Amino acid sequence: MQPSNFIKPIILALCCYTLPSSMTTIAQNSEIFTASNAHSLRCGTAHPTNEAAALHERQFLNLRNQAKTTDGNNLAPRPPGSATVDVYFHVITDSRGNGSLSDAEIDRQMQVLIDAFANTPFAFNLIYTTTTANDSWYRVTPGSSAERAMKSTLREGDAGDLNIYSANIGGGLLGWATFPSSYNSNPIDDGVVILTGSLPGGNSIPYNEGDTLTHEVGHWVGLYHTFQGGCSGNGDFVSDTPAERSPAYGCPVGRDSCSAPGLDPINNYMDYVDDFCMYEFSTGQIERADTQSSFYRDL
Ligand SMILES: [Zn+2]
């Protein structure tokens with residue numbers, strides 16, 4: 001099913017991925033997603049136009065070329081676990097406490113993230129958790145005054161530190177994130193926002209296994225959606241993720257939406273499929289994330 005005309009521009013302009021948990025307090029204020037509407041709610045990360053992406057890529061490649069080894073080979077991705085990301089997890093609740101999370105619930109989410117990135121250079125170290133009751137922030141949307149106020153108050157660390165905000169986010173989204181290249185121009189905005197119900201065991205079925213955070217952190221380390229650019233051009237600027245015309249929903253095994261070689265990468269964390277269906281980053285994505293993050297985040 002295609003997104004409605006109302007929702008479609010939101011998905012194109014942003015990117016994200018949402019939802020809730022079995023925790024009772026969360027369930028009270030979270031939407032219950034059904035199979036028929038869940039596909040509209042994935043991700044609100046602001047992706048560039050194809051032209052802007054191409055310009056950005058040229059700038060990035062100039063930086064990358066400077067990092068080539070003397071024999072002309074690109075630097076290989078660093079070994080797994082070699083770049084530690086300090087994490088600050090900010091729980092937003094409403095004034096009645098809906099949206100609160102226990103340490104165990106946060107730990108389960110962090111473990112999903114750690115496991116998903118186990119074959120990448122990135123390790124994640126939770127420094128501390130905050131909890132803030134604010135009815136406006138609890139319904140935060142991308143680009144809103146509530147988002148600016150929330151992040152201005154709570155954000156910690158520098159370019160290499162990951163700030164995660166959980167809330168009952170609006171817009172029918174599961175989450176959104178910022179890219180590494182955006183940090184210098186707007187450091188306070190840097191970070192990842194996720195729907196509380198997307199945590200493991202949350203109420204945003206079928207997006208409640210914690211992979212929303214993995215998807216959004218994928219953006220945070222420099223990855224586009226696998227369907228970026230559609231069937232033409234350079235797509236997501238990763239050579240081993242086959243071109244994909246549009247987001248995949250559910251788990252459409254065998255989908256092949258472009259004439260270019262290869263089936264759609266429906267099991268990739270950077271698509272829009274159900275949580276159970278996404279479980280991998282490609283080697284090319286790991287290389288891109290490593291290079292983007294080392295340049296722009298000094299990780
Ligand atoms: Zn996304």
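Which residues are buried in H8? The buried ones there are Gln285, Ile286, Glu287, Arg288, Ala289, Asp290, Thr291, Gln292, Ser293, Ser294 and Tyr296. Here, a residue is buried if 20 or more other C-beta atoms lie within 10 Å of its own, exposed if 12 or fewer, and partly exposed in between, with C-beta atoms placed from the backbone. Helices (H or I, at least four residues) and strands (E, at least two) are DSSP runs numbered from the N terminus.

A word on the ground rules. This is a predicted model, in which local features need pLDDT of at least 70 and side-chain atom pairs count only at pLDDT 80 or more, while totals for chains, interfaces and linings use all residues. Residue numbers start from 1 along each chain as its sequence is written.

As for the overall layout, the protein chain holds 8 helices and 5 strands. Read along the sequence, these elements follow the pattern α-α-α-β-α-β-α-α-β-β-β-α-α. Of the 299 residues in the protein chain, 50% count as buried. Two residues are in contact if their C-beta atoms, placed from the backbone, lie within 7 Å.

Now for the sheet. It is an open sheet of 5 strands, in the order E2-E1-E3-E5-E4 and with mixed pairing. Strands E2 and E4 (175-177) stand at the edges with a single partner strand each, so one side of each has no neighbour in the sheet. From one strand to the next, the twist averages 20 degrees. Two strands pair if DSSP finds at least two bridges between them. E1 and E2 pair in the parallel sense over 11 bridges. Along this pairing, Asp86 has Asn125 as its bridge partner in E2, and Thr93 has Ala133.

The helices come next. H4 packs on the sheet, where this helix touches E1 and E2, and its direction makes about 150 degrees with that of E2. Such angles run from 0 to 180 degrees between N-to-C directions, and the axes are lines fitted to C-alpha atoms, for helices over the stretch in contact. Together, E1, H4 and E2 make a right-handed β-α-β unit. Right-handed means that, with the strands pointing away from the viewer, the path from the first strand over the helix to the second runs clockwise. Elsewhere on the sheet, H7 lies across E3 (162-167), E4 and E5 (192-195), running at about 160 degrees to E5.

Phe117 sits in the loop between helix H4 (103-116) and strand E2 (122-133). Phe117 counts as buried because 24 other C-beta atoms lie within 10 Å. Phe117 and Thr214 are 97 residues apart in sequence, yet their C-alpha atoms are 8.0 Å apart in space.

What about the nonpolar side? The largest nonpolar core has 52 residues, and Ile164, Ala167, Val192 and Val193 have the most contacts inside it. Strand E1 (residues 83-93) gives the most to this core, with 6 residues. Such a core is a set of buried Ala, Val, Leu, Ile, Met, Phe, Trp, Tyr and Cys residues joined through C-beta atoms within 7 Å. Leaving aside residues up to four places away in sequence, Val193 touches Val140, Tyr165, Ala167, Ile169, Gly175 and Trp176.

Back to H8, which is mostly covered: 11 of its 14 residues are buried. Those buried residues pack against helix H3 (50-66) and E1.

A few backbone spots deserve a mention. Most residues other than glycine have a negative phi, and most peptide bonds are trans. Phe237, in the loop between H7 and H8, is not a glycine but has a positive phi of about 60 degrees. Phe237 is buried, with 22 other C-beta atoms within 10 Å. Asp298, in the segment after H8, has a positive phi near 55 degrees. Asp298 is exposed, with 12 other C-beta atoms within 10 Å. The peptide bond from Ile205 to Pro206 is cis, with omega near 5 degrees, and Pro206 belongs to the loop between E5 and H7.
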